[in-house]
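Please keep the sequence and the structure in view while reading.

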Amino acid sequence: VNTNATNAVRILTGEGIDAIPIRGIDNILALQPGVVLQDGIIHIRGSRPDEVGYYLEGVSVSNALFGGNGISLPQEAVEEVSVQSGGYEAEFGRANAGIVQYQLRSGGTVPHATLDYLTDNISFQPKSSANSGEKRLGAYWYGYNEVTGTLGTPVGTQHLKFFGLMNYLYKRNGYPQEYPGVSVGPVRDPGTTDSINWVYPAGTLLRSSTEKSTYTGTIALDLHPLLLRFSGSYAKS
């Protein structure tokens, strides 16, 4: 118990994150008291985006231009995330509402690898029918496809551990909403007599796809009592 602390600190561990049936670190953070996720931006206690500070492995990763989080991490890369709302010590600057701190995972004493694939194409339809406007098992197909691979292992000795993650995310509809669709029917030009069948299908919004690749890794060298740790994250979208 820290008797000098005047704020509430809420910590989520990797095991807790894995147990929550929700995708996305921001969606998981939004479950915490005082935290709201709106339009993809975290707000703590009704704050503006630039009033929340973000730290990865102790280094500030806040977006200096627009505020908010400057990086995006797959939840499989996070070992621990903590949320502090107000009242924190002077070591944290430029944040009036709250602090979000991420800690990346490390490799273990034995090799361990995972491979996950997620899709909403539950009926395995071809890409040509993505914009058919038809529902499958009562829902539209928005083209969500995500592949995540991780590897954690000691390297040559138990004192040197490596963890790496690769994540690929493709969404045919980047911000899915249930569009009702429009069907005007045949429209004829009285001058040229040309006609078109004006139909905009429901479901997926055309030409709104997003694609993103994320790579994250840590290397830890335990020299007792000195611990050297190198970490990094790279994303391209």
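## Terms and basis

A residue is called buried when its relative accessible area is under 20%, exposed when that area is over 50%, and partly exposed in between, with a 1.4 Å probe and protein chains only. Helices (H or I, at least four residues) and strands (E, at least two) are DSSP runs numbered from the N terminus, and two strands pair if DSSP finds at least two bridges between them.

The model is predicted, so that local features need pLDDT of at least 70 and side-chain atom pairs count only at pLDDT 80 or more, whereas totals for chains, interfaces and linings use all residues. Residues are numbered from 1 along each chain as its sequence is written, and side-chain values use heavy atoms, with hydrogens and water left out.

Strand E4, residues 52-56, is mostly covered, with 5 of its 5 residues buried. In a regular strand the side chains alternate between the two faces of the sheet. In E4 both faces are covered: Val52, Tyr54 and Leu56 are buried on one side, and Gly53 and Tyr55 are buried on the other.

E4 runs parallel to strand E7 (residues 98-104), to which 5 bridges join it, and Leu56 stands opposite Tyr102 in E7. Strand E5 (residues 59-60) is antiparallel to E4 and is joined to it by 2 bridges, with Ser60 in E5 as the bridge partner of Tyr55. The hairpin of E4 and E5 has 2 residues between the strands, and in this hairpin Glu57 takes a positive phi near 55 degrees.

## Nonpolar cores

A nonpolar core is a set of buried Ala, Val, Leu, Ile, Met, Phe, Trp, Tyr and Cys residues joined through side-chain atoms within 4.5 Å. The largest such core has 24 residues, and those with the most contacts inside it are Ile17, Leu29, Ile44, Tyr54, Val81, Val100 and Tyr102. Among the elements that each supply at least two residues of this core are helix H2 (25-29), E4 and E7. Leu29 touches (heavy atoms within 4.5 Å) Val35, Ile42, Val81, Val83, Val100 and Tyr102, not counting residues up to four places away in sequence.

A second, separate core of 5 residues includes Tyr55, Tyr88, Phe92 and Ala95.

## The open sheet

An open sheet of 5 strands has the order E8-E9-E10-E13-E14, with antiparallel pairing. Its edge strands, each pairing on one side only, are E8 (112-119) and E14 (227-236). Strand E9 (residues 144-155) runs antiparallel to E8 and is joined to it by 8 bridges, and Tyr117 stands opposite Val147 in E9.
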